[in-house]
Amino acid sequence: MLVATRIAVVAGACWLSFAPAFAQAVAYTIDPKKSEVLFSYSMPISTGTGRFTSVTGISNINDADQTQTTVDALIDTRTLRAGDYQAQLRGADFFDVGRYPQMRFKSRSVRAKSATSADITGDITVKGVTRTIVLHSALTPPGPGGARQFRAKTRINRNDFNMTAYAFLVGEAVDIEIRAELTPAR
């Protein structure tokens, strides 16, 4: 009996050590009604801000092996809200929403920092220009109904995306914050 118990314990320990390799990613959709992308940039005497209110996409999340997690998100540039500067930011000098109605982020790799945070490296396409960025992200465990809160921050240089107008008034660095609710895909 003692030998059988030891064999069962060893077998169980072996199974647990291989469990992450067998874990499956769970598909989540980005809830466009509960998600947004915020941005800010410096101006001589203030900070300009804006937000995009329509974000859609899918994320396949593997909690056991975050390196297997993927994200593919679309941002509708036509939903840009930016107060007094909305017309300029929607125009050809900046987002050119008539010609480029979407931005896209597609992950390439994920580096876990903790059980709930990771750096997500991926490609962002803005105005037809694709650049690699890193999102510093946090993800809550599933709540009631399986929904999760996703948060991420990064900084880009607007010149990298051919947004060079008003260089004497608008800083090059743009801080981006993503707030998204992920719901289990049906």
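Helices (H or I, at least four residues) and strands (E, at least two) are DSSP runs, numbered from the N terminus. On that basis D96 sits in the loop between α2 (86–90) and β7 (102–112), and the chain as a whole comes to two helices and eleven strands. This is a predicted model, in which local features need pLDDT of at least 70 and side-chain atom pairs count only at pLDDT 80 or more, whereas totals for chains, interfaces and linings use all residues. Residues are numbered from 1 along each chain as its sequence is written, and side-chain values use heavy atoms, with hydrogens and water left out.

**Overall make-up**

- Read from the N terminus, the elements follow the order α-β-β-β-β-β-β-α-β-β-β-β-β.
- The chain has 186 residues, of which 38% count as buried, where buried means under 20% relative accessible area, exposed over 50%, and partly exposed in between (1.4 Å probe, protein chains only).
- Taking a contact as heavy atoms within 4.5 Å, 54% of the contacts between residues at least 6 apart in sequence join residues at least 24 apart.
- The accessible surface of the chain comes to about 10,700 Å², and 58% of this surface belongs to carbon and sulfur atoms; such areas come from the Shrake-Rupley method with a 1.4 Å probe, and for residues only the protein chains shown count as cover.

- T154 is placed in strand β10 (residues 148–157), and T154 counts as buried because its relative accessibility is 10%.
- The side chain of T154 reaches the backbone oxygen of V134 at 2.7 Å, which can be read against the cut-off for a polar contact: a pair of N or O atoms within 3.5 Å, where within protein one must be able to donate a hydrogen and the other to accept it, and residues adjacent in sequence count only if both atoms are side-chain atoms.
- Not counting residues up to four places away in sequence, T154 touches I133, V134, L135, V174, D175 and I176.
- V174 belongs to strand β11 and is buried, with a relative accessible area of 11%.
- Although V174 and T154 are 20 residues apart along the chain, their C-alpha atoms are separated by 8.5 Å.
- Leaving aside neighbours within four places in sequence, V174 is in contact with F39, S40, Y41, T154, R155, I156 and R158.

**I124, on strand β8**

- I124 lies in strand β8 (residues 117–126), and with 9% relative accessibility I124 counts as buried.
- Beyond its neighbours within four places in sequence, I124 has contacts with R104, F105, V129, T130, R131, I133 and F161.
- I124 and D72 are 52 residues apart in sequence, and their C-alpha atoms are 10.0 Å apart in space.

**Loop residues and a nonpolar patch**

- Most residues other than glycine have a negative phi, and most peptide bonds are trans.
- D96 has a positive phi of about 45° although it is not a glycine, and D96 is buried, with a relative accessible area of 15%.
- Y166 also is not a glycine and has a positive phi of about 55°; Y166 is found in the loop between β10 and β11 and counts as partly exposed at 37% relative accessibility.
- L169 is placed in the loop between β10 and β11 (173–184), and at 35% relative accessibility L169 counts as partly exposed.
- Y166, F168 and L169 form a nonpolar patch on the surface, with about 330 Å² of accessible area together.
- Patches are made of residues with over 30% relative accessible area and no salt bridge, with like charges joined within 9 Å and nonpolar side chains (Val, Leu, Ile, Met, Phe, Trp, Tyr) within 5 Å.

**Salt bridges**

- The structure holds twelve salt bridges, each defined as a side-chain nitrogen of Lys or Arg within 4 Å of a carboxyl oxygen of Asp or Glu.
- The side chains of R51 and E36 meet in a salt bridge at 2.6 Å, N to O.
- Since R51 lies in strand β3 (residues 47–52) and E36 in strand β2 (residues 36–42), the pair ties together parts that are 15 residues apart in sequence.
- R51 is partly exposed, with a relative accessible area of 35%, whereas E36 is buried at 15%.
- R179 forms a salt bridge with E177, the closest N and O atoms being 3.1 Å apart; R179 counts as partly exposed at 31% relative accessibility, and E177 counts as partly exposed at 22%.
- Salt bridges that share partners join E36, R51, E177 and R179 into one network.
- D119 and K113 meet through their side chains in a salt bridge at 3.8 Å, N to O, and D119 is buried, with a relative accessible area of 9%.
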